[in-house]
Each structure stands twice: as structure tokens, then as C-alpha cells.
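Thanks for making the time this morning. I would like to walk through the interfaces first and then turn to a few individual residues.

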Protein chains: 6
Amino acid sequence: MIDLDPLIVDSAVRAALSEDIGRGDVTTLSTIPEQQVCSARVLAKSPGVICGLALAAAAFRILDANVQFERRCDDGYVVDQTPCEIAIVTGNARAILTAERTALNFLQHLSGIATSARRFSQLVDGTSARVVDTRKTLPGMRALQKYAVRTGGAGNHRFGLDDGVLIKDNHIAAAGGIREAVSRARYGASHMLKVEVEAEDLAQVDEAIAAGADIVMLDNMSLEEMRVAVARIAGRAITEASGGIREDTIRAIAETGVDLVSVGTITHSVQAMDISLDFDQRK
Amino acid sequence: MIDLDPLIVDSAVRAALSEDIGRGDVTTLSTIPEQQVCSARVLAKSPGVICGLALAAAAFRILDANVQFERRCDDGYVVDQTPCEIAIVTGNARAILTAERTALNFLQHLSGIATSARRFSQLVDGTSARVVDTRKTLPGMRALQKYAVRTGGAGNHRFGLDDGVLIKDNHIAAAGGIREAVSRARYGASHMLKVEVEAEDLAQVDEAIAAGADIVMLDNMSLEEMRVAVARIAGRAITEASGGIREDTIRAIAETGVDLVSVGTITHSVQAMDISLDFDQRK
Amino acid sequence: MIDLDPLIVDSAVRAALSEDIGRGDVTTLSTIPEQQVCSARVLAKSPGVICGLALAAAAFRILDANVQFERRCDDGYVVDQTPCEIAIVTGNARAILTAERTALNFLQHLSGIATSARRFSQLVDGTSARVVDTRKTLPGMRALQKYAVRTGGAGNHRFGLDDGVLIKDNHIAAAGGIREAVSRARYGASHMLKVEVEAEDLAQVDEAIAAGADIVMLDNMSLEEMRVAVARIAGRAITEASGGIREDTIRAIAETGVDLVSVGTITHSVQAMDISLDFDQRK
Amino acid sequence: MIDLDPLIVDSAVRAALSEDIGRGDVTTLSTIPEQQVCSARVLAKSPGVICGLALAAAAFRILDANVQFERRCDDGYVVDQTPCEIAIVTGNARAILTAERTALNFLQHLSGIATSARRFSQLVDGTSARVVDTRKTLPGMRALQKYAVRTGGAGNHRFGLDDGVLIKDNHIAAAGGIREAVSRARYGASHMLKVEVEAEDLAQVDEAIAAGADIVMLDNMSLEEMRVAVARIAGRAITEASGGIREDTIRAIAETGVDLVSVGTITHSVQAMDISLDFDQRK
Amino acid sequence: MIDLDPLIVDSAVRAALSEDIGRGDVTTLSTIPEQQVCSARVLAKSPGVICGLALAAAAFRILDANVQFERRCDDGYVVDQTPCEIAIVTGNARAILTAERTALNFLQHLSGIATSARRFSQLVDGTSARVVDTRKTLPGMRALQKYAVRTGGAGNHRFGLDDGVLIKDNHIAAAGGIREAVSRARYGASHMLKVEVEAEDLAQVDEAIAAGADIVMLDNMSLEEMRVAVARIAGRAITEASGGIREDTIRAIAETGVDLVSVGTITHSVQAMDISLDFDQRK
Amino acid sequence: MIDLDPLIVDSAVRAALSEDIGRGDVTTLSTIPEQQVCSARVLAKSPGVICGLALAAAAFRILDANVQFERRCDDGYVVDQTPCEIAIVTGNARAILTAERTALNFLQHLSGIATSARRFSQLVDGTSARVVDTRKTLPGMRALQKYAVRTGGAGNHRFGLDDGVLIKDNHIAAAGGIREAVSRARYGASHMLKVEVEAEDLAQVDEAIAAGADIVMLDNMSLEEMRVAVARIAGRAITEASGGIREDTIRAIAETGVDLVSVGTITHSVQAMDISLDFDQRK
């Protein structure tokens, strides 16, 4: 799994803190003395894959650089037994209380994604297929959601419209055919980007291969069509199964021999993991 | 349901477009001529409550001010039979293809929230309780998620740490008791904000009422405790049930007589509604 | 008095420094060696209430993290005898000279507000009324100005259009009456926000009370009308006197028994406090 | 008087609207139907110089491009008799109600500055002196405040640390004398910028002239000292009187023969002009 | 050649206008009446490839939406004879004068790049090689510079560290060899991105091919080494020649049979094209 | 030479890092362990004037505050013999590899400008003329480019449209003559700004002097015209030669006796200096 660059963490967390704090945490500023300290444990209360510890740590530290965020595990840790202590936060009480919800919102959401990515990946275990995500993400959260997907052991499809060529039927029609569309994209886009063509039937699969596509998306095909497509392509391109794939259908799809199965639900329909902050008893 | 201010729509959509477009939609720019036009239908493919049409319209129009986005319904429309045509988009093909995913990501997510808000609200129908949301939202999406909650017929809890006082046990401990915490908050916060106190047992409920709280949160109480609390409070404060409330538990909770039931899952664990763009056949 | 969150201080000061520095402090960069140090005293030269020390400290430290800003008092300190030393700044001379005006502009303006807030509050001393501010603030300065109001001992009205419902005659007319307007606002706005109705005569006061308003604004009423209104409301709502209130009129208004007196002049017509930086003699 | 560039107007107004609207104007969105229209008059209720009409117009139009803002006068218009109608606003009621306070806050503050600038300028009428402003402005408002100063007929001192060289005693001491400081600044700064030297006594005046200063600031000098300084300088540099200048002292200072009198109070202690929005009677 | 997305144009031009205008175009605002109109021709005065017309048009229109920018050619037009009229600008004189330098700075720089890209591309004409750019661009200008490279007929290497994997010796050393580095990158990066390995000698070329690299960079190799490398690779990967390539060396390099020749100088050492605005005679 | 303010360095480098890193340095994050350290030397490989060390240092430190950037020289150092070690970077390998290109892009570009500024300045050595830059800069880079010009020993013309008055023929025509244009600008602009008039012939030179211009630009005049203009002006204004000045023409122009020679090519057509990062051998 690859990590997150620090600038991305910093700007995401600052924006989230500003959104929550607004003109000020009126409750905390009114009731908690400026120098008070406290300590709390970050507890996972449901099983899953932890993701987002760097963001949680940043949420506290941006408000007070002296807050200690002591990790008990790293991103990617699989929680089996609950409650499970995943970190200890100690320091200025105002900073900890004000940042609490922001830290948890990141942790719960990203851990939910990592957990789902892992579950889908386990379902294709033993096949040749790898689970990947899509661009069906939540506005503003793409880089973080895709990090969580990696944390759960699945792979990333392109991050945006600029880091991969994906030719769909509109592009094909406008260009006057798959061959011409692929050719235009090869010329216009960086050579560092692969070219994927969306095929809705076997005829389009053949055309995509003939046009030299690097990847062929088998869009909403039947299992049988997919098997035939994989056989015809015979390794000349990467194959990606796509279209409304769910937990109960993914295994059969993976067994058709495709290389990738892209699953939108991992990022567009996230079940938050249950994680909370438990404050130590105050004397 | 109250609407969204136009500045909020504009800035959210610009940020989302930039996230998706990055350095440019290489596929579309390579294959689609600059002046080409097209037309597509926005179709709901699963039942639910539509939300986010203003954001979808803005996504297309920010890229080309001449794109027509013709609504077939308004936010709050309940889709029963599918597929259901909810809008028609016509205009510059590059703009429509480049904005497609951004528009759908907003629509699918916000409609998912509105649908969930409506489902929870229906579950408490006939009781005195109203469903409200929480601050367990996705970073950067709070104003929009809370709009979707309203669209689904539920109500909004505070938007941030600045537009409502919510006194929890840490605040109480630091202030030296509920009475002192409420008093400090009344003095420090605007008189326009209500003061809510989180009570974990009936003793705290009594204290909160004695301290003059406007709202008492009954946190993770049993049904029986809630019934007693409601009776004791007797209208002197608004009562809010809170803590891990699910579809299968909300009815019984609402029947205890509480005024509000706050449900985190509406915003933190969203099931996207199935909405897509169907392009008209090209000759 | 409640404090300021650190993110608010940081972003306000960075923006102000950028506004003043522009493409560079050409005088200082040309004449002062990079490593030179100096020391200066922040002196109050007129009586008043000090406010803004955190912003002044941040102005120096953002330019050089090693500058020492040693406070001789805290925000809220009342200067009686002048000159009064309120802080000592020591460190890199470039940073101190470049940040000087920004630091002082914050201190002088916010201390001016705190001083005025205190003066108005003293004028109602012994009555049941509390002085509060308005939204008649200077663009971009609202959170800071309202902090200064608290520092001077007065209270805050709502911070924006989003953290309080204030129903005026246009809203009433559009909704078709006070009862309907209040009802719509209760449904549309968060339950954490109080609902205030602006009443121009006693009939509207009665309507507002009947509609369940939390707060009734007595707008530009005569002293006699206010007394009657307070009596009729009889504690069923908070009462706020509003409209062109000045130092020479506030006492009589407060003595009508109203709970709040809102005064726009505290933030819209600020007399800066005289505060300057005195550099130590250079050998 | 010179005008404001449109980008400056647009960004200032957008920021101010966002500050006031926050997550949404809950009152207006709850009570006013989306398509309702209204009309209102902008009325000046105290005498003074109008300033900020472009900002007021922008506040309404940014929220709804179809709002009509019909000016009855231009910036710089002198209101003698009140009430005086200065503009008519017609269009979408939500946009007008939501932008009202932002528009007025700009108008009241900037008109207050223009009024003060005009008053000070009239006080030196017939002398050779021109009134100019200082950098004692309110954070974030400098370009607008300086525009208001010009609107009132006074002149602008430098806008920031980057568009003028002003050598004070710290710079002199660090450079090792006025001659060396001026020489360094001439070399380091653009030749488009004049070099001003702050002189506290006549000896420093002589040194500044000998060093070739373009402008000499006579800082907190007595009237007699200023007269001597003006005579000695004899047109070889522009002379600027500075230091705590008030309405009751400016005339005598101007009569010493100085070219400029800089007055901080015009921008740091602004008395807002009384301007409000009067809505037309609703049937 | 692929185009630029409109959001990229808009934000680049707004930032450049703000940089140049600062607190206001004092000359134009002082001397040109608000309603004055004028007309000017954009003239190319040296041969080259025009690039940046959309940015120039935006510069004028952002300041005044009614300015007409009538193109006489499109981006990519090759100017042979000079002067050559490339556009006519007509409208508000303030807007045109204030935006003039910003518009020209974009046009001159981007046309300079396009011209250079074309010259390098012509030098390899008839070989199998295509010229591509590098990440040696000017901070803040990358997307625009790479657009200009395409306009001149050359291709784009990756836009940033995120849209292509380029494994250099440090990555290889840290991973423990080329095979392991490629394997980690394949797992960590999106499958849409190609993996390139930098090879400094033929042994590394062999390793890269064995590891399955999509592209092999032949870094600072001799012509002879490159010929051997191309032969050994035999189409199993794309080959890229890299390292200090100049106009006088590129032909021989291209003739070694490499697929790509990357040239930093096209973007890091740009000779601006001579383009100016000629105002029509004023009566 | 004057330095750069730290806020300018910080914001320029953060923006450049974000542009290059985008959604993450996929190569480095995939292959380099989080805690790995490395060391590298910044080497100048062509002669020239070093400029931009503060920006290079910031690029590394923003990604990891513990990276050591040890300077071997300061900005302005003249590299004669190559390779020349100009700094040593030591610390976290991810931070160093990810920031490498950003750091070098600043260094190479700014050193290229400083080198060119020095070369032009040497060409006028012994004359009375000083070389200055223009506003023909690269969008977003003006403050940095102008710093590099100073580093090379040349001077700065105005930074934008706001820090100097430059009256051209359009302004003259609109104002109705040079005298009126100068008069309007003196009134409208700050007295801290000098007023320059562009003269295309000797008649205009005379008019500019009569109007009291501080600076007269001799625009595209012949050498003989310039000599006559300098003689006529006789020190009553600064003289600036302008218009397509090149290395082979500047000496003769400087010898006409002008005070300033403005050269656009220094900033609009920059030859990058050859600077690279050499990593220490890894065991």
C-alpha cells in the first residue's frame, strides 16, 4: 500500500477543521480553561481495517502542536476483537475536544472504505482478478478515499479525467470509431497513460484489441460474454469487468478470468466503521 | 425544506470539478470536437428521494454557460417507479461529458441521504418525534449533506461547533458541574443559540433541567429511562434521544415521547442512489 | 469571555500580513541586515480595554518563529494610567519592523471595540439589561470584532445569517403572517437556533408571543412602548431593544426592563485605541 | 478620484457575503419563496459623501445576476438633505434580503471614510496642503478604505510596505545613518518609488535633504519647527506633517506650508454613515 | 493537439491579472474615462507558432464581459510573414489597457514554447522518434506549458509525480533492485499508469525489460549504446532518450531508433515570441 | 540586493509542490520506505549567478521539517568553475526525492535570470546607465523573477500596475494631452509613486518635462535622438531607454547618457542555469 503525501493530509484536515469550527467552538471555549490537559483513547468498536491515523493525528496537532498522538497500530491494521485501542491522545483539552469529531469523521469513513475494499478483495481471493475502485467518489474526498482503498488491499483506477484515457461510446461516436478514437488519444495524451476502451459487446472487444487498447473494459457483460472476451483477448490487453458489481456477484465475475473488477460501491456507499474517543476518568 | 444559497452551490461544484478534471479531461479533449453538441437524460434507476439538482445543473453550466439543464422534477421528488427521467441535459458535448461524473456524484450521494432521511422519518410517523442529523458527516460536505437531510424531511442538528452549545461530560467536569457549565456557556455564547446538555442518567437529567438547559440529550439510555426522563422533564426542555440508533430501533425510541431522535447513519453511512446519464443515440 | 480558536487567528493574521507586505517590505529589506535583532515595547497611550494580543503575537511569529512576544497583561486588561506597557517584543529586527503595523492595526481596532463594549456595559450597570452587538461589522472582521465585544464584557448577537433566526417584516409578509413565518423557520432551521421576531408595535409583540418566538426585538419603540411590551411579555420571551441606541440613550432604555440592548455603533463606528511600538534605544 | 478595478470589487464582496451567509440564510430560505420579487430604496439618513455603490451593487448581483441596482447618484455625491435616495434595488427577494447587510456594511463604512476625508480636506482649504491617509487601516480593507479616501477628495499615502520607501529611525540606525539608508533603498527599491525619510528634528531634516530624500516626514514636530523645516527644505523635497493630527489641529499645521498632512483617524476611527434599505410596501 | 479545459484557463488568468493589477491600475483609472472604448490589433512580429489565444481573450473578458476578441487564427497557426494580425480586440478602454500585458505575457511565452516544440519536432522529421517535454517547467505554469508543447506538435511526458511512474536509481536502490521496484510500483500505482525505468547502461536496460517496464529511459547514453539498447528491447517497451538534448544533437539521437526524445529546454529555457498590441489611431 | 519576505517564499513553494505532487508521488511512495534517509549535493554545472536557495530549502522543509539544507554559498554567488557544490541536502529520502524537481525548477530559472541580469549589467559597466527589468514576466512568477533580477545586480522597474504611474499614448490621448494626463495621475495616485511618461519623439520629451514627469521613457528612439533627449532633459527627469534592447545593442544605448535601460528579455526569455541534485552513493 502506498502512503499519502504530507501536503495532502495537511490541507484536507485544515479544511475539515474550518468547516466544523466555523467562528469558534463556543462550548469548549466557554467551559474549558485554556491550559487544561486531558487524555483519551481512540477505540475501534466494530471489526474492520483501520485507515486515516495520519489525518486524525493532524487534526489534533494543527490546533495544538504539543498534543501527543501515540499510535497503537498503523493504517491497514485489521481489528478483529473489539473494543480495540488504536491510539492514545494526550494534551491540551481544548484542542482535543475541538478536533475530536473531525478526527473521528476521517477515521470512521476511511476505515469503512478500507474494510469494504478488503472484504471485496477477499471475495476474489485465489482468482486472477484484483479489485479496483472507480471515480464514483465523494466530492473533495477522492485522494483520501483512494488511499483507503489501497489500505484495504484493493487497487486504484484513475484518479481523475487527467491520469488515464477511458474511451466510452460518446468518444467513439464523435471520433468515428474505436480505431480513430484510440489513435487520437494516443497522440493527444501523455505516453505515460494507458488507453482503456469500454466495450459493450464482443464486436467492440475485437475492435478495441485491433486498435491497440491497453485495457478493455467489459461493461455490463454476462458472465459468458466475459469468458469469451477474456479468451479472445488472450493477454493482449488488461481486462476489466465493470457495472453494478456487488458482494454476491463478484466471485463469479472474477472467475471468468478478468484481470480487474471495478467496484463503485466501495467509495460511493460507505458504511462507517464504529470508532470513538473515550476520555479518561476525570478526578 | 429550506434551500441552498447560490454561493455554496457554486463553490462546492467548482471544487469538485477541479478535483476530477485536474490538468484536463484528456479523453474528451482528444476525441470530441470543440463545437460538438449532444443531449442526455438523467435517469433514476432505483427508488428514492431526488436531491442535488442545482449542483448537477451547476456542474454542466460552469463548464459551458449555454448548456441547458431542464428539470423534470424538483429536489424532494419521490421516485417510485424506475427508470424515472429527472432531467434533460443538452449542449456542448465536451462540457457534458467532462462534468458527467461530478454531477452524478453529487446527485447520487445527496439523493441517497434524502432517501435515508425520509425512511427514518417515516419510521417515526405518528409519534411526537422528529428525526435529526448529527455532525457525523463527511469532511467538506456538511452543508450539502444537511441540505439533503432537510430534503428528505428530517431536521438539522447544529452545523458546527459554533451554532449551538452542546455540553458533554468533559465540559461539565472542567466547569465543575452542569450548573456552572450552562452558566458559562450562556454568558460566552450568543443568546441566539440554545444550550443542550448531554445526560447519561436521570440524575444528570435533573441537573440539566435545574440548570435551565434548553435541550437535554438522553445519551444511550434504555427505553425505560427515556420514558422516565421525558416525564420528569415535562416540557421544560426539548428532549433528544441519541446513540447508535438504527432502523430497527428507532420506532420504540420515538414512542418514549422524546422530541428528537438524532441519527448519525443518515450522513456517515450513505447508500448512493442509482442515477445515471443516458446519452441519446447518435446518428 | 470566550477565546478565539487558533485557526481563526492564524488565517486572519496571514491575510493581513500579505495585504501590507505585498511584494515585499522594500525599506526594511534594503536597510536592515538579515540577522539583526531588536527589542520593542508595546505601549498603550490612551485608557481602555486591551484586546488582540494573540493576533499581535502571531503577526511577529509568522514572519519569524523565534520572535519572543512577552505579555505584560491579558486580553480584557483595563488600562487606566498611560503609558502602560502591555508586551515586550524581542527578536529578528526585519520580522518585527515588517509586522509592526499589522500587529498594531489589530490591537488598536480590537481594543477600541472592547473599550466601547465596556463603556456601554457600564452604562447599564445595575439594570437587568445586557449589551449585545449586531451584524453591522466591518467586512472580513466579524469573528474578531465579536471577540472584542466579548472581551469588553458585552454579549454577541448572531454571527451571521446562519446561526440564528431573525424574522423581519419582509419575512413576515412573504410568509403571510408572524405565526406562519415562525412555524416555517422552526421547521427549516436547526432546533439549536432560537427564533427572534422583530416587532414594530405592541400588536406585533402580541403576535410574536402567540407564535412562540424565543426572542422579541422591540424595534425603534418609545420608552413607554418598551415598558408595556416588557410587561406584556412577562418573561415568556427574551426582549431586545434595538435601533440607533447611543451612549446618551442606553440607560433609559435599559431601565425599561428589557433583557438585551443591541448597539451597532460598538462595531460599525470604532474609535481606535492609541497603542504603539516603542523601540529600545540603539547603541 | 480614481476608481476601483473590477476584480478587487468582486473578490471583496464574495468574501463578505460568505462571511455573513455562512451555511445559509436560514430565515430567508425558510420564509421567502424562491421566485418572490421585491423592491427597496437605499436611503442615506445622515449627511455625508456616498462611497461604495459598486460594492453594494455587486453584493446583490453576485447572489442573483438579474437584480437591478439603479443608481440615483455616483460615488462622491455629497448628501446634504436627508433622507436622500441613492439607489433602487429590484429583483429576487431572497437575493436582496440575504445581501442587504453586506451591501450596507460596505456603504456605511466607506461613506463614513469619504465623509471624514472630505471634512479634513475642507479644513485645509486655501492652504497649500493636501490631506493624505496612512497605513493605519482595518485588516483586509486597505484597498477599499483608500478608495474611499480618494472619493472624499483626500490623497493616498502608500498602500503597503512595497509601494513606497519610508525610512524610519530603526532603518537609519541599522544602516548607519540617513545617507546610507537612502542610498541602500535607492539601490534596492524600484526607481518608480519615491524615498521618504522620517525626521524628528531639524538636524534630521537637513540630513534627509542632503541624502536626496524625495519626501521628508516632519514627525510630531511643533508648528514652529515645521515652519522652519519647510523654509529650509525650500521645495527640494515634498514635506509631510504627521503625528496624531485631529480636526482641531489640522488647520494650523496646514498653514505652516507643508505639502501633505497625513491623518490616521480617517481610516482607523471611522464613524459609519447612516444608510439603510427601505422596502416598498407589500400589498 | 488537445485543448485546455475552461476552468484551467479561468483560474490561470484571474491569478495573473491579480498579480499585475495589485491594488489597481493607477495610470489607467486616473486618465481613462470609465466608458471610453478603443480597438487594438494583436500582432505577431516574429515568425513562430501562435499559442494562448484563449488566455488572452479571457484576460480582457474577465475585466469586462463585453470586450470583443475576434480571432484571425487559431492556436497552432504558423506565422511565417510578419507582422501578422492574429486577433482584434474591441471594447472598454480601461479593460483593454489594464489586461494588455497579462494577455501578451501568456501569448508570448506559450507561443515561444509552441515554436520551440515545432522546431525540435521538425528536426526529427522522418525518424521514428517523437519529441516530448519534461517536468522542467516553470512553477505554476505546467498545465499551460504542456498545452503549448502539444500546440507545437510535440508530446507530453507526465504532468506531475502522480500521473506516471518513473523509477530512478534512488528508487531502485531503496527497493533493492529494478524488479522489486517495478513490482512495488505496479501494486501501489493505478493500473492506468505506465511504468518507466531509468537505465544508465545496457545492464539496467536488460533488467528493466526483464522486470516488465512499459518504458525504458536511456539516460545520457552514447549514440552507440542507444542503438544497442533499441535493438535489444526490440519493441518490448517504449524507448525514451533523455539528457541534455539540444537542437544540434537531437537528429542523431532520433536516428538511433528511439521512440521518444525528451527535451527540457522547450519549457525551461523559453524564447518569448514577439507579439504586441497595436492600438488604432485615435482621432 | 534586497531579499524576499518569508511569506512570499512559503506560498510560492507550497503552490509549486502541489502542482508537481498532485494526488501523490506514486513512484516514491511505492518504493521508498517511510523512514529512509539520504543525502545529496546541489551542483551547478554551468557558470552563472546562483539565485533561489531559500526556495529550494523551503521545498524540502515543507515536506519534512527535519531535512537539513546546508548552504555552501548565498544567493548572488558567481559560479565560475563547474561543477560547483552550492548546497548539501540531508534527511528523509521521500521528502528529498519528492521535492527535488520543484527545488531545481526554482533554482534553475531564477539563477538563469540572475545570470542574465548580471551579463546585461556588465555590458553597461562604466556608463551612467543601470539595467532594469520590465513587466514582461511569466504569470505568477513576478515577485520571484524581480528578486532574481536584483540578485544579478540589475534594478527593478515597477512590480505591477499599482506601484508606479506609466503614461502611454493611450492614456495621453484619453486625457487630452501629456500635461493633463500627468496632472490627473498626480492627483489620483499616491504621492509615493513617481510618474513616468512614454515619449516617442523629442516633442513628447519636451512636453513630458514641461508637465513635470519624474521619468521620461525614450521609446524605440534612435541613438541620436536619445542623446539629444538626454541633453535637453538635463537632469530634470530620470531617462529610461526602452524597446527591444539586446546584448549587442545595449552598450551603445547606455553610452547615450540615459539613466536606465529596461530589458524585457531578462525575464521573458530566460535560459535556465544547469543545476542538478547528485545523490550520494548508496551502499
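This is a predicted model: local features need pLDDT of at least 70, side-chain atom pairs count only at pLDDT 80 or more; totals for chains, interfaces and linings use all residues.

Between B:D20 and A:R142 the side chains meet in a salt bridge, with nitrogen and oxygen 2.4 Å apart; by salt bridge I mean a side-chain nitrogen of Lys or Arg within 4 Å of a carboxyl oxygen of Asp or Glu. Residues are numbered from 1 along each chain as its sequence is written, chains are lettered from A and ligands numbered from 1 in the order in which they are written, and side-chain values use heavy atoms, with hydrogens and water left out.

Across the interface of chain A and chain B the rule finds four salt bridges, and the count of residue pairs in polar contact, with both residues at pLDDT 80 or more, is 29. A polar contact here is a pair of N or O atoms within 3.5 Å, where within protein one must be able to donate a hydrogen and the other to accept it, and where residues adjacent in sequence count only if both atoms are side-chain atoms.

Which elements of chain A each supply at least two residues of the side that touches chain B? They are helix 1 (6-21), helix 2 (26-31), helix 4 (93-123), helix 5 (142-151), strand 7 (165-167), helix 6 (169-175) and helix 7 (178-188) of chain A, helices (H or I, at least four residues) and strands (E, at least two) being DSSP runs numbered from the N terminus. The residues on that side of chain A divide into 26 nonpolar, 20 polar and 13 charged, where Ala, Val, Leu, Ile, Met, Phe, Trp, Tyr, Cys and Pro count as nonpolar, Asp, Glu, Lys and Arg as charged, and the others, Gly among them, as polar.

In terms of extent, 59 residues of chain A are in contact with 59 residues of chain B, contact meaning heavy atoms within 4.5 Å. The size of an interface is often given as the accessible area lost when the parts come together. For chain A and chain B the buried area is about 4,800 Å², of which carbon and sulfur atoms give 54%; that is the accessible area (1.4 Å probe) that two parts lose on being put together, summed over both. A:P139, A:L161 and A:N170 supply 14% of the area that chain A buries against chain B, more than any other three residues.

How are these two chains related? The same surface serves both copies, since 100% of the contact residues of chain A recur in chain B.

Let me turn to chain E and chain F. Here 59 residues of chain E are in contact with 59 residues of chain F, and the two chains bury about 4,800 Å² between them, 54% of it on carbon and sulfur atoms. The count between chain E and chain F is four salt bridges, and the side chains of E:R135 and F:D20 meet in a salt bridge at 2.6 Å, N to O.

Now to chain C, where C:R94 is found in helix 4 (residues 93-123). Is C:R94 buried or exposed? C:R94 is buried, with a relative accessible area of 14%, buried meaning under 20%, exposed over 50%, and partly exposed in between (1.4 Å probe, protein chains only). The side chain of C:R94 reaches the backbone oxygen of C:I32 at 2.9 Å, and a polar contact of 3.2 Å joins the side chains of C:R94 and F:D3.

Two backbone features of chain C close the tour. The peptide bond from C:T82 to C:P83 is cis, with omega near -5°, and C:P83 lies in the loop between strand 4 (78-79) and strand 5 (84-92). C:N220, a residue other than glycine, has a positive phi near 55°; C:N220 lies in the loop between strand 9 (215-219) and helix 9 (223-233), and is exposed, with a relative accessible area of 57%.
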